[in-house]
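Student: Can we go through this one together? I'd like to hear what stands behind each label before I use it.

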Amino acid sequence: MAKRLTVYESGVRNHFEQEEQETTSRFVYMRRSVERLKQLGESRKYPKNTVIIQEGEIPSCCYLVLSGQVVAAKETQEGNELFFYLMEENSLCGEANMLFHRALPVMFRTTVTSELVCIREHVLRAAMEKDPELAMAVFECVADKFFEAMDENAKMKSHSATWLLCDLLITFARQYGIAYDDKILIHKKISIEYITNLLGVNRATTVRAIRKLKDMNLLENINCFYCIRGIEQLQRHQVLLP
């Protein structure tokens, strides 16, 4: 589940708090069951860029993220990477493919040093049979990925790269933002390549979209961090974009 802002820019507190409540309600069963899931396997730390499940593999275990981040990614024929889903603290990854014996169309890789709990299939199945609430937590995670994929697919087909960038920046603000001189500083080092992989566009398109927002005084860089000069202004601009 994603991290959220703890300090908000004046005037947008209610907006983000409402979205926080909506996101929390999406993971009702997971919040109740995460401690039980932690007991189903052993935790281990994985270095940055460790592939924990290969593309094309039918996993024999799934992973619960205790800390760090895991990305579902795929390499293109041009040698680039596309990011499909980001999993952070208290998220499961690989559970659906493990339970239904389906080969992964993507790989799962850590983007930072991450602590994960490896849960074997027979252990999770037994726990799900005994504990309906834990089973619902697993289904909840699977459903969230499905709905998120549909939502992102609709956005990709319906909107321009600049609209998608605005949407991504607002998401980053919710997850990593801190108040800074009446602005929102995204307190996470985010590279052009990282944004490009998430947007599914080429680097030049990403650079143009970022430059456009900077030229409009909606975005700036402070000490190598992106900073949104005003969330409401960025959202109003996004509404006007195709």
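Student: Which order do the strands of the open sheet with β1 take, and how are they paired?
Tutor: The order is β1-β8-β3-β6, four strands with antiparallel pairing. Strands here are DSSP runs of E with at least two residues, helices are runs of H or I with at least four, and both are numbered from the N terminus. Two strands pair if DSSP finds at least two bridges between them. Before we go on: this is a predicted model, where local features need pLDDT of at least 70, side-chain atom pairs count only at pLDDT 80 or more, and totals for chains, interfaces and linings use all residues. Residues are numbered from 1 along each chain as its sequence is written, and side-chain values use heavy atoms, with hydrogens and water left out.

Student: Why are β1 and β6 said to stand at the edges?
Tutor: β1 (42-46) and β6 (92-93) each have a single partner strand, so one side of each has no neighbour in the sheet.

Student: How do you know that β3 and β6 pair?
Tutor: Two bridges join β3 (residues 61-67) to β6, antiparallel, and the rule asks for at least two, so they count as paired. In β6, Cys-93 is the residue opposite Tyr-63. Helix α2 (residues 28-38) packs on this sheet, touching β3, β6 and β8 (114-120); contact means heavy atoms within 4.5 Å. The direction of α2 makes about 110 degrees with that of β3, using lines fitted to C-alpha atoms, for helices over the stretch in contact, with angles from 0 to 180 degrees between N-to-C directions.

Student: What is the strand order in the open sheet with β2?
Tutor: That sheet runs β2-β7-β4-β5, four strands with antiparallel pairing. Its edge strands are β2 (51-53) and β5 (81-87), each pairing on one side only. On average, neighbouring strands there are turned by 35 degrees against each other, direction ignored.

Student: What makes β2 and β7 a pair?
Tutor: Two bridges again, in the antiparallel sense, with β7 covering residues 107-110. Phe-108 in β7 is the bridge partner of Ile-53.

Student: Why is Val-71 called buried?
Tutor: Buried means under 20% relative accessible area, exposed over 50%, and partly exposed in between (1.4 Å probe, protein chains only). Val-71 has 0%, so it counts as buried. It sits in β4 (residues 70-75). Beyond its neighbours within four places in sequence, Val-71 contacts residues including Phe-83, Tyr-85, Met-107 and Phe-108.

Student: Which residues make the nonpolar surface patch?
Tutor: Phe-146, Phe-147 and Met-150 make it, at about 330 Å². Patch residues have over 30% relative accessible area and no salt bridge; like charges are joined within 9 Å, nonpolar side chains (Val, Leu, Ile, Met, Phe, Trp, Tyr) within 5 Å. A salt bridge is a side-chain nitrogen of Lys or Arg within 4 Å of a carboxyl oxygen of Asp or Glu. Areas come from the Shrake-Rupley method with a 1.4 Å probe; for residues, only the protein chains shown count as cover.

Student: Why does Arg-229 count as partly exposed?
Tutor: Its relative accessible area is 36%, so Arg-229 is partly exposed. Arg-229 is in the loop between β12 (225-228) and α9 (231-240).
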